[in-house]
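Me: I would like to go through a structure with you. Could we start from the overall picture and then turn to single residues?

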Amino acid sequence: MKKLLRHPLTWIAAAVVLGVAMYLFQPWRLFTTVEVDEPFPEAAVTSSAPPSQDRPSPDRPSPDRPSPRAGGVPAVTAPATTILMSGNFVTHEHKTSGVAKVLRLPDGSRVLRIERLATSDGPDLRVWLSDQPVTDSWHNFDDGRYVELGHLKGNKGNANYAIPADTDLGSLTSVSIWCKRFSVSFGAAALTTENR
């Protein structure tokens with residue numbers, strides 16, 4: 001045994017095994033926090049037209065913009081952001097809390113907003129919309145259909161994730177913080193329709 005430990009190849013093999021284990025498991029991430037605080041999403045309003053003298057001032061009405069009503073209230077108001085579905089996170093493989101909300105923005109696009117998230121950091125964490133029910137067990141999440149919205153931006157705080165336009169939200173009724181490397185759910189939220 002002592003001769004084996006003195007052999008250089010033994011130390012090289014041990015270093016390789018340790019390096020691979022460190023890469024896969026990244027144990028230091030149990031002690032790290034990535035905090036994000038993205039603002040509540042609003043539809044982007046952009047204009048490529050340069051400023052012009054012919055443009056009406058904010059105080060002058062135009063054919064495209066009605067006159068303000070008495071009291072300074074515009075005659076036409078922009079549609080508001082709507083909460084379509086929401087739910088609270090429950091713990092699976094790691095202690096997880098927070099709120100998930102599916103929002104429809106005034107331009108018709110949809111966003112998953114995760115607020116007050118608190119979970120462990122980990123390797124290769126993704127955000128999934130899934131058709132699987134949320135239970136105490138996480139083993140079912142990779143059994144059904146899911147749409148991946150991207151890497152988890154941070155394990156603490158507030159973040160927005162764009163939902164592809166062709167996503168069928170009628171069948172995707174849960175959110176999972178999914179560790180793709182080890183196929184486990186850190187936590188999940190069942191999404192229920194808002195009564196509006």
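Predicted model: local features only at pLDDT ≥ 70, side-chain atom pairs only at ≥ 80, totals over all residues.

Me: What share of contacts joins residues at least 24 apart?

Reply: The share is 63%, counted among contacts between residues at least 6 apart in sequence.

Me: Let us turn to the core. How many residues are in the largest nonpolar core, and which have the most contacts inside it?

Reply: That core has 32 residues, and Leu112 and Val127 have the most contacts inside it. Two or more residues each come from β2 (82-91), β3 (97-104), β4 (110-118), β5 (125-130), β6 (146-151), β7 (156-163), β8 (174-179) and β9 (184-190). In soluble globular proteins, nonpolar side chains tend to be buried together.

Me: What does leucine 112 touch, leaving aside its neighbours within four places in sequence?

Reply: Leucine 112 is in contact with Ala100, Lys101, Val102, Val127, Leu149, Ala159, Asn160, Tyr161, Ile163 and Val175.

Me: Now β7. Why is it described as largely enclosed?

Reply: Strand β7 is largely enclosed by the rest of the structure because 6 of its 8 residues are buried. "Buried" here means under 20% relative accessible area.

Me: In which sense does β1 pair with β7, parallel or antiparallel?

Reply: Strand β1 (residues 35-37) pairs with β7 in the parallel sense, over 3 bridges. Within this pairing, valine 36 has glycine 157 of β7 as its bridge partner.

Me: And how many bridges join β4 to β7?

Reply: There are 7 bridges between β4 and β7, and these strands run antiparallel. Arginine 110 has isoleucine 163 of β7 as its bridge partner.

Me: A change of topic: the serines. Where is serine 185, and is it buried or exposed?

Reply: Serine 185 lies in strand β9. It counts as buried because its relative accessibility is 0%.

Me: Which side chain does serine 185 join through a polar contact?

Reply: The partner is histidine 92, and the polar contact between the two side chains is 2.9 Å. Apart from neighbours within four places in sequence, the residues in contact with serine 185 are His92, Glu93, Trp138, Phe141, Ser176, Ile177 and Trp178.

Me: Where is serine 120, and what does its side chain contact?

Reply: Serine 120 is in the loop between β4 and β5. Its side chain makes a polar contact of 3.3 Å with the side chain of histidine 94. Not counting residues up to four places away in sequence, serine 120 touches His94, Lys95, Leu125, Asn155 and Phe186.

Me: Finally, backbone angles. What is the phi of aspartate 124, and what is that of serine 183?

Reply: Aspartate 124 has a positive phi of about 60° although it is not a glycine, and its place is in the loop between β4 and β5. Serine 183, likewise not a glycine, has a positive phi of about 55°. Serine 183 is in the loop between β8 and β9, and is partly exposed, with a relative accessible area of 32%.

Key
Residues numbered from 1 in each chain as written. Heavy atoms only, no water. Contact = heavy atoms within 4.5 Å. Core = buried A, V, L, I, M, F, W, Y, C linked by side-chain atoms within 4.5 Å. Buried < 20%, exposed > 50% of the residue type's maximum accessible area, 1.4 Å probe, protein only. Helix = DSSP H or I, 4+ residues; strand = E, 2+ residues; numbered from the N terminus. Polar contact = N/O pair within 3.5 Å; in protein donor to acceptor, adjacent residues only side chain to side chain. Pairing = 2+ DSSP bridges.
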